[in-house]
Amino acid sequence: MPTSKTSRKAGVVRKNGSAKKTTTAATKRTVTKKPSAAADALRGGTSLAKAKPEALIQALLQLGNAVLDDRDAFNGVMRILGDTAADHDLRNKVLSSVQGLTFDPVRFAPHRPAYMKTLRALRTDANSELRQRAFGLLARENDPDTQAMLISGLEDAGKAMLPPEKALQLLSYDPHAGAYAVAHKIEQAPPNPLARREALRVLAADAGSVKLFEQVLGDKSESTEVRQLAASALNHLAPKRMQDTARGMAMDPTESDEIKTLCLTALANFGDPEVLAQDTELQAQVERYQGDADDASSLKLAAANLKQRYT
Amino acid sequence: MDAAELPWTQAHFCAEVASAASGTSRTRHLVLLLQEEHPAYAQCSSAEVSRRRGWVLVELGNMPLESEAVPLVLEELETGLVPYLLAAAARALRQAETPLPGFAPVVLRALETLARRDDLVDLGVWGGMAQDDSARPALDEVFQTLRWLGPHMRWIRTGLIVLDQGPTALATEHRLALQDVLRGLPDGSAGEGASCCDLPLPWRRHVPVVSGAHVDMVRFEDQDGAPLSWRECFVGQPTVVAFFYTRCDNEQKCSLTITKVAQLQRLLQAAGLEQTVHIAAITYDPDFDLPPRLRGYASSRGLIPGLQCRLLRATQGREALQRFFASGVNFVGSLVNRHRIEVFVLDAEGRIAASYQRLGWDPKQVVLDLRALPRPEADPRVNPAGTVVRSTPVLWAFLLALLPKCPICGAAYLSVTGLAALPHLPGWLSAWPAFALLLLTNLAAIGWADRRKRRWASLVWSVFGTALIVGAGLALGQDSAIWLGIACMAIGSAVAVLRASPRKASTRQV
């Protein structure tokens, strides 16, 4: 049974050479008294099945981080999470609470094996929200088995536990996940536009995809959002080539104002000032944009920003 | 990449491990399978590499651990982050004939790592992924190995006390086990942290392997974007070479390596050696590690780049570079999926004099290695005599071409010997447009001559040779392509000469 305990922390503030001992509200901390019924419920002393969801959540909230000092209570929390018969809403709320506990990594560490085991079990849960969250949490841990499941699901839709765009998003957390090959396949033959966009995001860390991003950026039939993504990726992977491409597109009268604005902004933020200062052709074009565009237009603003860079 | 599409499938790998473990020289074969550059790891994700290496380590744990395999097991415990691999390595280490004092700090390191990121593992299944309640925390295996160390645990007494009482996290059973271990230790910490716990030098410092790779064609770009040749980087002064890449997610490897290189830089300055020794940190990931990234990575780790200390990305001849250093690295796409720690000491001629691999290296030891190197006569980059020596092939080419002969033969000699000597010419890289122009002029001349005779064999050979030299040779750094290209151009020139000769003879008859 947890016991109530009070701790006190005194602060010492030095001012004008004299030491002054202060006790403030912030430094005087009282740990919430742990309700025995809540702890009992979480430990399984009270049957979890019989406990009301609201009471369990309340118990968990009351315990706060103290649940990390009580292995039985923590295991009870894991049982609620893994209980497929339990209320989905309850399990989602419990998962949120446990996520909060991970922000105390030192105290959480002893429970990590049980937590990981529970999350892995949730990957095949019937509830899609829980399933997706479990995949997300494991992907952030670079869990090898989870990465393998995600790639396997992308290779074979029959094995997929998540939509392809979500799986790609989770794989993008780890550049070592080995997802570039499957991302290329999906980029070539996407099941939906979102999946293609996420495939491009994965490839934004692949140094071998520079040509792909040059093509996408230069393709006027692509959506502005995808071309912006390509510009960002190209600037990340090959900044010099992005500068050349951006210059060409900024000068292209057939380009949309959005893309021209994007290119001028890229040149203003990442361009080589010396090169820009010598580029009279570009400078003349920037002057025209400043003169022609509406006062409130983004293009005019981007042109003004770029001009500041070389003047 | 799908596991079924990998160059080595899982089934192939498992069969190979089973075969290695059941035949003669079991340890040697398993150690070969643990080499990072082994084709079994090509195009695997890092996770798949871990699963495969774990499978081999588990097999090593089923037999007496021979000396040859000990550095690989210790490397995993010292720098590993994956619970499955740490557990497998801990079990394998217990198969050593006797525990050594040097094992103790390495086991402590594994304990500290797993105290932050423990997981349930089952060493009996592929990947160690827990299938049921039979799986145990990886820390269990490491604690068993800790107890196996017996009296040698006293060398890490302070570290164990910190683990027990400090802000680290251990489950109750592990904390109790640790306290039990500490109670059993004799009082005092005499000798702790001293040279008692150094691992045998042969496990850390290796005899240089002469690979025979031709690295003259390797080209680099440094942290400021300046192009450099192999000779400019590595000939003239001794060099310490360390490999790294900025996207490495193991802080015990690349990040620590560059931090130690910075320590080495300070040690060299303190010893007054900073102007006589070069430092070169070469990235494994040259496509991504562009100059600004190299600069940032160095400065955030206290390394100050300059003329004597460069961070390099290979722009040409990457394969030759890997062959020369026998690099322990493999890739998925262009990204590293696994590598070992690699630090080399090169003499003033650019030959490997010593190397430190896998296990932690000591910058002080590297300074001792540098002091033990024979002193270079002089830096050929600033010595005219040295320039003459390095330019000898160029001089030979000119002399050969100037020997009395017909103009066509002279052109052929100049063409072939000039190309062969090209890499020996100092600063030739910056003059590449002129060489390209000469190549084109050569092709145009042969084309013009062939057009007059309406016979194209000579031009075909020359075009093919030029394509090999410029494409596979200079652009991709393949030495063999350059020599093959030169041979093709020589054949082209010979065909032109042979075709011209009878006509000349017939003219004389007339």
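Analyst: Begin with helix 15 of chain B: on the face turned away from its buried side are the exposed residues B:Lys364, B:Leu368, B:Arg371 and B:Ala372. Keep in mind that this is a predicted model.

User: Which residues of helix 15 of chain B are called buried?

Analyst: Helix 15 spans residues 363-372, and its buried residues are B:Pro363, B:Val366, B:Val367, B:Asp369 and B:Leu370. The label requires a relative accessible area under 20%.

User: Why are the buried residues of helix 15 of chain B said to line one face?

Analyst: Seen down the axis of the helix, the buried residues fall within an arc of 155 degrees, so they line one face.

User: What do the buried residues of helix 15 of chain B pack against?

Analyst: Their partners in chain B are strand 3 (205-206), strand 6 (239-244), helix 12 (251-270), strand 11 (342-346) and strand 12 (352-357).

User: What is found at the start of helix 15 of chain B?

Analyst: There, a side-chain oxygen of B:Asp362 comes to within 3.0 Å of the backbone nitrogen of B:Lys364.

User: Now chain A. Why is A:Asn65 called partly exposed?

Analyst: The relative accessible area of A:Asn65 is 32%. Buried means under 20% and exposed means over 50%, with partly exposed in between. The value of 32% falls in between, so A:Asn65 is partly exposed.

User: Where does A:Asn65 lie, and what is it in contact with beyond its neighbours within four places in sequence?

Analyst: A:Asn65 sits in the loop between helix 2 (53-63) and helix 3 (71-82) of chain A. Those neighbours aside, A:Asn65 is in contact with A:Leu101, A:Asp104 and A:Arg107. From A:Asn65 to A:Ser97 the separation is 32 residues in sequence and 9.5 Å in space, C-alpha to C-alpha.

User: What makes the pair B:Asp119 and A:Arg120 a salt bridge?

Analyst: Their side chains meet at 2.5 Å, N to O. The cut-off is within 4 Å, from a side-chain nitrogen of Lys or Arg to a carboxyl oxygen of Asp or Glu. An Arg and an Asp at 2.5 Å meet that condition, so the pair is a salt bridge. The count between chain B and chain A is 2 salt bridges.

User: Which classes of residue make up the side of chain B that touches chain A?

Analyst: That side has 15 nonpolar, 5 polar and 13 charged residues. The contact as a whole takes 33 residues from chain B and 31 residues from chain A. The area buried between the two chains is about 2,600 Å², with 54% given by carbon and sulfur atoms.

Key
Residues numbered from 1 in each chain as written. Chains lettered and ligands numbered in written order. Predicted model: local features only at pLDDT ≥ 70, side-chain atom pairs only at ≥ 80, totals over all residues. Heavy atoms only, no water. Helix = DSSP H or I, 4+ residues; strand = E, 2+ residues; numbered from the N terminus. Buried < 20%, exposed > 50% of the residue type's maximum accessible area, 1.4 Å probe, protein only. Contact = heavy atoms within 4.5 Å. Buried area = accessible area lost by both parts, 1.4 Å probe. Nonpolar A, V, L, I, M, F, W, Y, C, P; charged D, E, K, R; others polar. Arc of directions from axis to C-beta. Polar contact = N/O pair within 3.5 Å; in protein donor to acceptor, adjacent residues only side chain to side chain.
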